[in-house]
Amino acid sequence: MGRLKEAAMTYEIACQLDPQNPAIYRSLARVLQVLGYGEEALENIDKAIELRPNDSQVYFDKAALLSQLGKFAESLRFYDKALLLNPNNPSSYNNKGVILLEMGKEIEALEEINKAITLNSNDPLYFINRGRCYYSLNKEPEALSDFNKASAILKLLENSNKAPKNIQKIFASIEIYTQEILRRQTEREQQAKELREAIQRKKEEKLRNLVKVSEKVLLKSLTRYYFQKLAEGLIMYPDISLKLFNEIEAMRKTAHGLVFEDNSGLLTAKTNPNSQAKVSMEGLEKENLVLYEYARTFFWSLLYYFTAYLGLTRKNH
C-alpha cells in the first residue's frame with residue numbers, strides 16, 4: 001500500500017509537470033481506484049476524457065470505475081460510448097454482460113458475452129461469465145459446458161506467462177459452480193422421478209376407484225337380474241339353473257377379467273388370462289365378494305329347497 005501511495009504522489013507531480021498528457025491522468029486514476037479513492041479517480045478520468053474525447057480506452061476506464069463504485073447504469077452508458085469508438089473490443093462486451101448479469105438481466109447479458117466470445121474465443125473469463133449466465137437461467141448443461149471450456153483453456157495457460165495471477169481462485173470458482181450444477185441436476189432428477197411416481201399412483205388410484213364403482217354396479221345389476229329371472233318363473237326349471245350361473249359368470253369375465261371358483265365351499269377369484277382387462281385384486285372391496293357370494297349361495301339354496309318342494313309335491317300326488 002505504501003508503494004501505491006508513492007506512485008499516486010509521483011503521478012500527481014507528473015500531472016503538474018505535463019497537464020496535457022491524458023495517459024498520466026489515466027494512470028493516476030487507476031492507482032487511486034486501487035487505493036479506494038473512487039471519486040478522485042473519476043475526476044482524473046474525466047480530465048483524460050477532456051484531453052482525448054475520441055479515445056475509446058478512456059471511456060472504457062471510466063465505465064470500469066463506475067461499475068466498481070456500483071453505478072451500473074452510468075457504467076453501461078460509458079461502455080456503449082467506448083464501443084461506438086471501438087466496436088471490436090471483446091472486453092467491453094464482456095464487462096457489459098457482467099454488469100447486466102449483476103442487474104438480473106441474464107438474457108441481455110448473454111447476448112453481450114456471446115459477442116465477446118465471437119471476437120475472442122481464447123479468453124477463459126468469457127466462458128466463465130457466459131456459464132454464470134446459463135447457470136442463472138437454469139440451463140445447467142450449457143453452463144457446465146462453458147465451465148469445462150474455461151477449465152481446458154486455463155490448463156493450457158497454467159504454466160505460461162499468459163496465465164491469470166489468480167488462476168487457482170478461478171479454478172476453485174469453477175469447481176464450486178460445477179458441484180452446484182451437479183447437485184441441481186441430481187435434485188431435479190429426483191423431483192422428476194417423484195412426480196412421475198405420484199402421477200402413476202394417481203392413475204392407479206383412479207383405476208382402482210373405477211374398478212370399485214363398476215364392481216358395485218355390476219353386482220347390484222347381477223342381483224337384480226337374478227331376482228328378475230326368479231320372478232319370471234325360472235326357478236320352476238332346475239335344469240336351466242346351471243346355464244344362468246354360467247351367464248352370470250361370463251358377464252363378470254367381460255367386465256373385469258376375473259374368474260370366480262368354488263374351492264372347498266369358499267368363493268375365490270383369480271385373473272382371467274383370456275381377458276384383455278387388467279385389474280388388480282387389491283382394488284376389489286370385500287363387501288363386493290360377500291354380496292356376490294350371498295347372491296350365488298341364496299340362488300342355489302333356493303333352487304335346492306324349491307326342487308325338494310317340487311319333489312315332495314309330486315310324491316303327495
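This is a predicted model: local features need pLDDT of at least 70, side-chain atom pairs count only at pLDDT 80 or more; totals for chains, interfaces and linings use all residues.
Contact here means heavy atoms within 4.5 Å.

**First stop: α8 and α9**

Select residues 124-136 for helix α8 and residues 140-157 for helix α9. Angles over 145 degrees count as roughly antiparallel, so that is the label for α8 and α9. Look at the crossing too: α8 passes α9 in a left-handed way.

Now show side chains. On the α8 side, pick Pro124, Phe127, Ile128, Arg130, Gly131, Arg132, Tyr134 and Tyr135. Their partners in α9 are Glu142, Ala143, Asp146, Phe147, Lys149, Ala150, Ile153, Leu154 and Leu157. Colour this contact by class and you will find 11 nonpolar, one polar and five charged residues.

**Second stop: α1 and α2**

Next, select residues 2-17, helix α1, together with residues 22-35, helix α2. How far apart are the axes of this pair, and at what angle do they pack? The axes lie 9 Å apart, at about 155°. This pair is therefore roughly antiparallel, and α1 passes α2 in a left-handed crossing.

To display the contact, take Leu4, Lys5, Ala7, Ala8, Tyr11, Glu12, Ala14 and Cys15 from α1.

Technical notes: Residues are numbered from 1 along each chain as its sequence is written. Side-chain values use heavy atoms; hydrogens and water are left out. Axes are lines fitted to C-alpha atoms, for helices over the stretch in contact, and angles run from 0 to 180 degrees between N-to-C directions. Helices (H or I, at least four residues) and strands (E, at least two) are DSSP runs, numbered from the N terminus. Angles under 35 degrees count as roughly parallel, over 145 as roughly antiparallel, 65 to 115 as roughly perpendicular and the rest as oblique. A crossing is left-handed if the near helix is turned anticlockwise from the far one by less than a right angle, and right-handed if clockwise. Ala, Val, Leu, Ile, Met, Phe, Trp, Tyr, Cys and Pro count as nonpolar, Asp, Glu, Lys and Arg as charged, and the others, Gly among them, as polar.
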